[in-house]
Amino acid sequence: MKSVFPKFSGKPEPSDEDNDRTPVKSEPCCSNQETAALTSRKDEHQSINLSPEPGEASGPNPDCTVAKRQKQDKRTPMEKFGLTYLSVTHLSRQVWCEQQVVYGMEMPQIEKLRAELPIVKAGSSLHLARELEVHDIVAVNVTSREDSWAIKLLNLLSAIQVLQTGGIVREMPVFGELDGLFLVGIIDELRYNSKGELELCEFKTRSQRSFPGAAQRKSHHLQVRVYKCLFEAMIRGEVDKGILLRHLRLRTEQPFGSEVSEHAEKMGFTVHKFGDLLDLVLLNLTYSEIPQIDTLMIEYCYQADRSAIGAEAVCFQEEWLRRELANCFSFWKGQREAEGVDIEEAWKCCSCDFVDICDWRQRKAEELTQKYKAIQSRGRPKLH
């Protein structure tokens, strides 16, 4: 029998804190249930590459400059963009091109245009189809941030129950604090393999019938390794209630809307305010008998005919992850300026929406010009 996962519908209270992915809202303001079911998944799993590889579609180029504002603004990026937490997608996109992430947050209208591309919609549809294979979805109207997060927590409670009975879970929320920053993500799939080991599987769709290149695979590897860290900290009972409430700016005494309360009761949980549900979730995580993740997998699917391209096993490399996260976090904490791609990866710029205004690209071009002139001047014969 399929389990039933709620998805939020309706219009939550407006807040800058509802970003699970920048700039697309993860708690969408929806006019119908179909939209709610699709857009609620956009935060962590855009089904195309984090940025298109050469030859793939891209949106229009904006005609504006933000470099001067960036240099004059002394706030940290977290403060500047009104973020109290990050999504795992922030980090994986950052590994692809940090400067592109900044421009995307400066000009969210460009990102919204990208979300309407056929390639993006096709990937979202494939993710939804996979989700429906293991559980049904019911739309639930929400009226507050607490309602929206209650949906995530109810889905998490359902996932805990399924995993403890040896079942398959898809679209499992994970969250926690790493090095002072709070992260939120959604795991595509958790399942037990033939050896009885818990396996995390990330599902990626491709517009080409081929594996992605090394640069794209690096961002995917970061994503699944961060998921493993967050998930295992959760089942060890290491999520601090006070830290979670502070970062997410949620109110423990906030009562739920009628539809959220009714759905919680249908799932077997009698809770009427956010603090009660949060306590229940943290208790269930702490005393669950869910094992740690043994295997990390990434499955690639060809969008055109939904055929499998292949799968890749990813080794968990703690030191590598520690270095990558330290570098990513140093930007968000305001310890350094945003960086673009290295000259060896300048091919990424060919499909970037912001190539015409990129300050990093312009500076690198000027540096190369100066180096070339210096080399040329050294090679000229001296006149006596």
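This dialogue goes through several features of a predicted model and how to read them.

Reader: What kind of model is this, and how are its residues numbered?

Author: The model is predicted, with local features needing pLDDT of at least 70, side-chain atom pairs counting only at pLDDT 80 or more, and totals for chains, interfaces and linings using all residues. Residues are numbered from 1 along each chain as its sequence is written, and side-chain values use heavy atoms, with hydrogens and water left out.

Reader: How many helices and strands are there in the chain?

Author: Helices (H or I, at least four residues) and strands (E, at least two) are DSSP runs, numbered from the N terminus. The chain has 14 helices and 8 strands.

Reader: What share of the chain is buried?

Author: Buried means under 20% relative accessible area, exposed over 50%, and partly exposed in between, with a 1.4 Å probe and protein chains only. Of the 384 residues in the chain, 57% are buried. A contact means heavy atoms within 4.5 Å. Among contacts in the chain with a separation of 6 or more, 75% are between residues 24 or more positions apart.

Reader: How do I read the packing of helix H4 and helix H13?

Author: Two packed helices are described by the angle between their axes and the distance between the axes. Axes are lines fitted to C-alpha atoms, for helices over the stretch in contact, and angles run from 0 to 180 degrees between N-to-C directions. Here the axes of H4 (residues 88–96) and H13 (residues 318–332) come within 11 Å and cross at roughly 100°. H4 is therefore roughly perpendicular to H13; the classes are roughly parallel under 35 degrees, roughly antiparallel over 145, roughly perpendicular from 65 to 115, and oblique for the rest.

Reader: Which residues make the contact?

Author: H4 contributes His90, Leu91, Gln94 and Val95, and H13 contributes Glu324, Leu325, Cys328, Phe329, Phe331 and Trp332. By type, the residues of this contact are 7 nonpolar, 2 polar and 1 charged. In this scheme Ala, Val, Leu, Ile, Met, Phe, Trp, Tyr, Cys and Pro count as nonpolar, Asp, Glu, Lys and Arg as charged, and the others, Gly among them, as polar.

Reader: How do I read the faces of strand E6?

Author: In a regular strand the side chains alternate between the two faces of the sheet. In E6 (residues 198–206), 9 of the 9 residues are buried. One side carries Leu198, Leu200, Glu202, Lys204 and Arg206, the other Glu199, Cys201, Phe203 and Thr205, and both faces are covered.

Reader: Which strands pair with E6, and in which sense, parallel or antiparallel?

Author: Two strands pair if DSSP finds at least two bridges between them. E5 (residues 181–192) runs antiparallel to E6, joined by 4 bridges, and Tyr192 stands opposite Leu198. E7 (residues 293–302) pairs with E6 in the parallel sense over 9 bridges; there Arg206 has Tyr302 as its bridge partner. On E5, strand E4 (residues 169–178) also pairs, antiparallel, over 9 bridges, with Val169 partnered by Leu190. In E4, 8 of the 10 residues are buried.

Reader: Where does phi turn positive?

Author: Most residues other than glycine have a negative phi, and most peptide bonds are trans. In the hairpin of E5 and E6, with 5 residues between the strands, Gly196 has a positive phi near 80°. Asp179 is not a glycine, yet has a positive phi of about 50°. Asp179 lies in the loop between E4 and E5 and is exposed, with a relative accessible area of 53%. Arg249, also not a glycine, has a positive phi of about 55°. Arg249 sits in the loop between helix H10 (241–248) and helix H11 (258–266), and its 47% relative accessibility makes it partly exposed.

Reader: How many aromatic pairs are there?

Author: Rings of Phe, Tyr and Trp (its six-membered ring) pair if their centres lie within 6.5 Å; planes under 30 degrees apart count as stacked, over 60 as edge-to-face and the rest as tilted. The count is 7 aromatic pairs. One of them, Tyr85 with Trp149, is edge-to-face, at 6.4 Å centre to centre and 85° between the planes. Tyr85 lies in the loop between helix H3 (77–80) and strand E2 (86–87) and Trp149 in helix H8 (residues 145–164), so the pair ties together parts 64 residues apart in sequence. Tyr85 and Trp149 are both buried. Ring pairs link Tyr85, Trp149, Phe175 and Phe182 into a cluster.
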